[in-house]
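Colleague: I would like to learn how to read helix packing and a chain interface from coordinates. Could you take me through the features one at a time, with the general idea before the case?

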Amino acid sequence: MMSNSNYKFDWNVIEKYWPEILKGLIITIQISLAGMAFSILLGICLANGKLSNNLLIVRISSSITELFRSIPLFVLLFWIYYGFSLKFNFALTEFEAGVLALGITGGAYMAEVFRAGLLAVPIGQLEAAYAIGLSKMQSSMFIIFPQAIRIIIPPMVNIYIGLLKGATIVSVIGVSDMIYVARYVSLETFAPFELYSLVGIIFISLTLSISGFVYLLERKLGRSKVDG
Amino acid sequence: MGNSKSFFEFEAVVSSWDILLKGFAVAMFAATLATALAIILGLVVALMRLSTVAIYRWIAFAFTQFFRGVPLYVLLVWVYFGLAIAVNINLSAILAGVVTLALLNAGYLSETFRSGILAIDSGQIEAGLALGLSKQVVFKEIVLPQAFRIVIPPMGNQYVDAIKDSAILSIIGVPELMRESQQLANLYYQPFEFYTCAGLLYLIAVVLVSRGTNKLEKRFYTHSAQN
């Protein structure tokens with residue numbers, strides 16, 4: 001099958017263009033990190049809303065979480081960048097739209113992680129903190145949070161991997177990330193196979209090293225300590 | 001500019017309803033077929049990972065790691081614009097899309113199936129063997145039915161993910177819901193209305209599948225309780 005192909009493999013393009021591809025990678029990482037920061041903020045708000053005593057706030061937070069989890073990232077991105085910004089005359093750069101879409105999707109997943117983490121800390125810990133005279137603020141900051149973070153970190157990094165993978169689609173609205181650069185360069189060189197292979201390899205090594213890191217982290221933090 | 005009319009104009013969405021529904025059907029078809037293929041492939045990979053033959057385990061491990069690590073968009077572009085051109089094969093967009101989606105989901109499902117099978121108490125297997133059943137029969141009649149019940153919720157989640165991810169197939173020109181929405185949004189210059197409608201349709205599909213999964217899970221639990 002290879003023989004009747006006119007395609008000429010030219011791996012030199014990688015040597016020539018890898019700095020530009022790497023520049024694209026940095027943009028992907030930037031957008032995913034900014035999206036992650038947004039996710040954490042949104043996740044904390046939604047998780048606290050879900051754990052609230054007010055039934056109305058619980059309902060609203062749960063509905064928002066469900067809604068954001070159900071809309072595909074791709075649709076959300078188009079809705080924000082083309083739909084929302086045009087309708088409400090709200091000028092957004094491609095980068096900002098990407099961060100918003102990633103942040104909203106990630107935030108909905110983070111909400112569950114935060115909620116589970118906070119609930120996993122035994123109630124006796126809080127009671128003990130009150131009993132020794134710590135304020136509400138102090139007990140959540142110094143007693144609950146340090147214990148919850150052990151449970152939260154591994155799934156949080158997994159969500160980050162998801163956002164990093166999701167961040168690849170922002171090139172469709174014109175962010176000059178890795179795929180955008182690869183497409184642009186392959187129009188010049190006509191070597192799409194080599195360039196997209198490079199992008200794929202970079203991505204896989206990135207996600208695999210992060211998930212390897214999570215694996216080690218999970219073993220080190222060990223849930224057993226919190227479970228008692 | 002458009003203030004002479006009402007703020008939201010959904011006439012265009014309503015009049016293109018049949019196109020949108022057709023796109024929705026294509027999206028659901030792609031996601032469903034991809035999930036079905038992924039279940040079969042995922043089960044094969046899971047069994048390979050649990051095999052006693054080391055080479056099978058290694059292949060299965062590499063498969064899982066690869067397809068869980070690569071983003072759908074990257075793989076799709078690589079297959080459709082890279083691989084197909086390089087080896088000169090004529091790949092239809094829908095085929096490339098479904099196969100890519102199936103491979104990625106198989107990577108995730110194989111891990112789900114593996115943990116589902118491992119979750120079955122070893123006493124069950126020992127009891128089956130003690131009764132004189134063969135290894136194959138024990139696996140097919142005792143392990144798999146119980147493991148199936150465990151993996152229903154994650155399988156439902158994977159189906160939901162496939163539905164959501166199918167929107168990305170629009171970039172290679174599969175005429176699914178998002179592709180049609182993009183074209184109609186450009187035609188009528190009403191992106192807000194069309195993308196809102198697309199979002200709602202995906203939302204409905206996702207909610208229905210989640211409900212269905214919950215029902216299925218409950219039914220399996222009551223069945224086993226009756227036995």
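Colleague: At what angle do helix 1 of chain A and helix 8 of chain A pack, and how far apart are their axes?

Modeller: Some conventions come before the answer: this is a predicted model, in which local features need pLDDT of at least 70 and side-chain atom pairs count only at pLDDT 80 or more, while totals for chains, interfaces and linings use all residues. Residues are numbered from 1 along each chain as its sequence is written, chains are lettered from A and ligands numbered from 1 in the order in which they are written, and side-chain values use heavy atoms, with hydrogens and water left out.
Helices are DSSP runs (H or I, at least four residues), numbered from the N terminus, and axes are lines fitted to C-alpha atoms over the stretch in contact, with angles from 0 to 180 degrees between N-to-C directions. Here helix 1 (residues 12-50) of chain A packs on helix 8 of chain A at about 45 degrees, with the axes 10 Å apart.

Colleague: Which class of orientation do helix 1 and helix 8 of chain A fall into?

Modeller: Angles under 35 degrees count as roughly parallel, over 145 as roughly antiparallel, 65 to 115 as roughly perpendicular and the rest as oblique; helix 1 and helix 8 of chain A are therefore oblique to each other. Their contact (heavy atoms within 4.5 Å) includes Trp18(A) and Leu22(A) of helix 1 of chain A and Leu198(A) and Phe203(A) of helix 8 of chain A.

Colleague: How do helix 7 and helix 8 of chain A pack?

Modeller: Helix 7 (residues 178-189) of chain A and helix 8 (residues 192-221) of chain A pack at about 160 degrees, with their axes 8 Å apart, which means that helix 7 of chain A is roughly antiparallel to helix 8 of chain A. Among the residues that meet are Met178(A) and Val185(A) in helix 7 of chain A, and Tyr196(A) and Phe203(A) in helix 8 of chain A.

Colleague: What is the corresponding geometry for helix 2 and helix 3 of chain B?

Modeller: Helix 2 (residues 17-49) of chain B and helix 3 (residues 54-69) of chain B pack at about 135 degrees, with their axes 7 Å apart, and so helix 2 of chain B is oblique to helix 3 of chain B. Leu41(B) and Met48(B) in helix 2 of chain B are among the residues that meet helix 3 of chain B, where the partners include Tyr56(B) and Phe63(B).

Colleague: How much area do chain B and chain A bury between them?

Modeller: The size of an interface is often given as the accessible area lost when the parts come together. With buried area taken as the accessible area (1.4 Å probe) lost by two parts on being put together, summed over both, chain B and chain A bury about 3400 Å², 75% of it on carbon and sulfur atoms. In chain B, Tyr73(B), Lys164(B) and Phe192(B) lose the most area to chain A, together 18% of what that side buries. In residue terms, 40 residues of chain B are in contact with 40 residues of chain A.

Colleague: How many salt bridges does the rule find across the interface of chain B and chain A?

Modeller: A salt bridge is a side-chain nitrogen of Lys or Arg within 4 Å of a carboxyl oxygen of Asp or Glu. Over all chains the count comes to five salt bridges; the pair that crosses between chains runs from Lys87(A) in helix 3 (residues 73-87) of chain A to Glu193(B) in helix 9 (residues 191-226) of chain B. Across the interface the rule finds one salt bridge, and the closest N and O atoms of Lys87(A) and Glu193(B) are 2.7 Å apart.

How values were computed: Helices (H or I, at least four residues) and strands (E, at least two) are DSSP runs, numbered from the N terminus.
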